[in-house]
Amino acid sequence: MSAIIEEHHHDDHHHGPAKGLMRWVFTTNHKDIGTLYLWFSFMMFLLGGTFALVIRAELFQPGLQLVAPEFFNQMTTMHGLIMVFGAVMPAFVGLANWLIPMMIGAPDMALPRMNNYSFWILPFAFTMLASTLLMEGGGPNFGWTFYAPLSTTYAPPSVTYFIFAVHLMGISSIMGSINVVVTILNLRAPGMTLMQMPLFVWTWLITAYLLIAVMPVLAGVVTMMLMDIHFGTSFFNAAGGGDPVLFQHVFWFFGHPEVYIMILPAFGIVSAIIPTFARKRLFGYASMVYATSSIAFLSFIVWGHHMFTVGMPLAGELYFMYATMLIAVPTGVKVFNWIATMWQGSMTFETPMLFAIAFVVLFTIGGLSGLMLSIAPADFQYQDTYFVVAHFHYVLVPGSIFSIMAAVYYWLPKWTGHMYDEKLGKTHFWLSFIGVNVTFFPQHFIGLAGMPRRIPDYALQFADYNMISSVGAFLFGFSQLLFLVIVIKCIKTGKQATAQVWEGAHGLEWTVPSPAPYHTFSTPDEVNLKEAHG
Amino acid sequence: MIEQSQNRRMVLKLAGAAIGMFGFGFALVPLYDVICEITGLNGKTGEQYVQTTEATIDKDRTVTIQFLASNNGAMAWDFRPQVRSMKVHPGEVNTTSFYVKNPALTTMLAQSVPSVTPFAAAAYLHKTECFCFTQQQLTAGESMDMPLRFIIDSDLPEHIQTLTLSYTLFDITEQPQDRVASSAE
């Protein structure tokens, strides 16, 4: 295979990457752009993580020690925005860029120039967003959900920059998603049917449709805010005939699919890793596809469960409660399939597998607390407490973030041509695993005991658990520097990886040499469909 | 190679879908008002009610209606109902009023926004006259009684025995007048 590609390169006028910095600015190569997305996401992860550590440092003890409450509010807001839009989403787009063309035997993404634009919008969007912290009146301080009128009537002047930054992120995401859909539907290797695609490709196809459907709604809601603030309209202003509750409905119509956008690609990653290290085919491939589609469909009709306490007719509460509980069914199918894949497999526990198993266990814990929150009458007690914080951090940190780390360890040898240091990788896993649980598990208890979220100070009875939580947060935060060290070490000095890398790995990406050549699958006859998915 | 035109067609379709969803976001605004009207969500009451037929007064049934008045944000006016609660029969026309005073040193403009709980009752509370249909302008120190005339529909569900009608008073002095809605529905 490698010989074919080498030969092809000599014949072709096309060549390897351009030299120097401009390679990255002008690149239209899916692998370069994937790399850019992943590094950008990691930088944002560290920035958002720093904000989280400011929060945890302030909450280490009751009372106000380190930061003013106004700044604390900006930290909670910016932590959420940066992690959601800057870390998790770009990381998945980066993985999509690297992997989708290689998994479906395509030479590149379908729209390479647009791919370049979608990435390069992001640094500008996030520079603008982060710069609000230095402006007069401070940055956004209304929570990542930016409920009106906090984000309109009572917002700091920098809110306009926030709105424009959200517009840019939205444009970037929509362009990226269009690219993914067109690539998957038009550029599959000849003979590869939809039901032969690896699950990562499937979950991304569905995620891309979700993004195309809801990112414009987010753009719409921030546009309405912009008009309320600057052009005297009253979309969310009760005095002018508008309604602040409308904001919440429109926001969560975007927001609920958004949280699945951050988890569906993770399902795809875990469905690739578990079969490899269990050395078995994925159990229930078709049911995985249907379950993912059902979750995507349900995500559009359950937004009201974020608003139980806002005021809703009884019938509405019941409808949103039961519809939400219904999501547990396809999710349960998935968890069952992963466990059934491991059942009687000859398992080994390399770092990607450790992260994947931790994903299954901890994501299930997060899902279960989500089920508790879906019970409308109980939600009145949980609303806006640390129980909610614990819930969504369990699905996002050991959920989305662990899956991204699993993916990086799993495909890093393919990308760089070098193996990472297994011992350091396992150390990173265990530090992260312990850190995450020490941080977020106690938050369930303080939440049930009534500690509200987004506050810089708290009653004395919450002191012990908050201290534990802060210790865990610093442990988790600083272990991520080890992750950086491992990746750099792997690129610089890792030992040579084979093309197959993992004994049990299946899929087209493993049929090309490691590191993956700059151009892969330039002609369809290089594709061996039998390897398409495990 | 895949035809470029095939890619372009699909991009146009998907971009069209994205633009359509942007429009849908805005369509949610009128849609929300319609749904609120049908379901009584948010306790939104209807526009001025015109009685067309003489309603039958249900003397056998008594419903309690409570009045609440509150100020939004830093609104400085004194605002309170003249009576806290009334016992009324469904179908009869009732009149009450709210007292309002501007203690500030400047002329101010206000708009009140009504809400009914339980939400299910909102559709059965008909207001033939309400200060919430207009804005109030008071000079410094001026006060007035603002009238409210309403009918509780005879079809009010049996399980509802008490209604709460709450008004929130907003300071709209600063807002550009042509853009402030003329009625608070």
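Some ground rules first. This is a predicted model, where local features need pLDDT of at least 70, side-chain atom pairs count only at pLDDT 80 or more, and totals for chains, interfaces and linings use all residues. Residues are numbered from 1 along each chain as its sequence is written, and chains are lettered from A and ligands numbered from 1 in the order in which they are written.

Chain B, then. One helix and nine strands make up its elements. Helices (H or I, at least four residues) and strands (E, at least two) are DSSP runs, numbered from the N terminus. The order from the N terminus on is α-β-β-β-β-β-β-β-β-β. Of the 185 residues in chain B, 27% are buried. Buried means 20 or more other C-beta atoms within 10 Å of the residue's own; exposed means 12 or fewer; partly exposed is in between; and C-beta atoms are placed from the backbone.

Now contacts. Two residues are in contact if their C-beta atoms, placed from the backbone, lie within 7 Å. Take the contacts in chain B between residues at least 6 apart in sequence: 75% of them join residues at least 24 apart.

Chain B has two parts: domain 1 (1-39) and domain 2 (46-179). Those bounds come from an automatic or database domain assignment. Taken over C-alpha atoms, the centres of domain 1 and domain 2 of chain B are 40 Å apart.

How many residues does each chain bring to the contact between A and B? Chain A gives 33, and chain B gives 33. On the chain A side, three helices each supply at least two residues: H6 (159-186), H7 (199-230) and H8 (244-261). H7(A) has the largest share, seven residues. The chain A side has 23 nonpolar, nine polar and one charged residues. For those classes, Ala, Val, Leu, Ile, Met, Phe, Trp, Tyr, Cys and Pro count as nonpolar, Asp, Glu, Lys and Arg as charged, and the others, Gly among them, as polar.

Next, a helix pair in chain A. H15 (residues 386-416) and H16 (residues 422-448) pack at about 165 degrees, with axes 7 Å apart. So H15(A) is roughly antiparallel to H16(A). Axes are lines fitted to C-alpha atoms, for helices over the stretch in contact, and angles run from 0 to 180 degrees between N-to-C directions. Under 35 degrees counts as roughly parallel, over 145 as roughly antiparallel, 65 to 115 as roughly perpendicular, and the rest as oblique.

Who meets whom? On H15(A), the residues include Tyr386(A), Phe387(A), His393(A) and Tyr409(A); on H16(A), they include Gly425(A), Val436(A), Phe440(A) and Leu448(A). This contact of H15(A) with H16(A) has 13 nonpolar, five polar and no charged residues.

Last, the backbone. Most residues other than glycine have a negative phi, and most peptide bonds are trans. Ala148(A) to Pro149(A) is cis, omega near 5 degrees. Pro149(A) sits in the loop between H5 (112-131) and H6 of chain A. Thr117(B) to Pro118(B) is also cis, omega near -10 degrees. Pro118(B) lies in the loop between strands E5 (108-117) and E6 (125-130) of chain B.

Where are the positive phi values? Arg454(A) has phi near 60 degrees, in the loop between H16 and H17 (463-493) of chain A. Val501(A) also has phi near 60 degrees, in the segment after H17 of chain A. Arg454(A) is partly exposed, with 18 other C-beta atoms within 10 Å. Val501(A) is partly exposed too, with 18.
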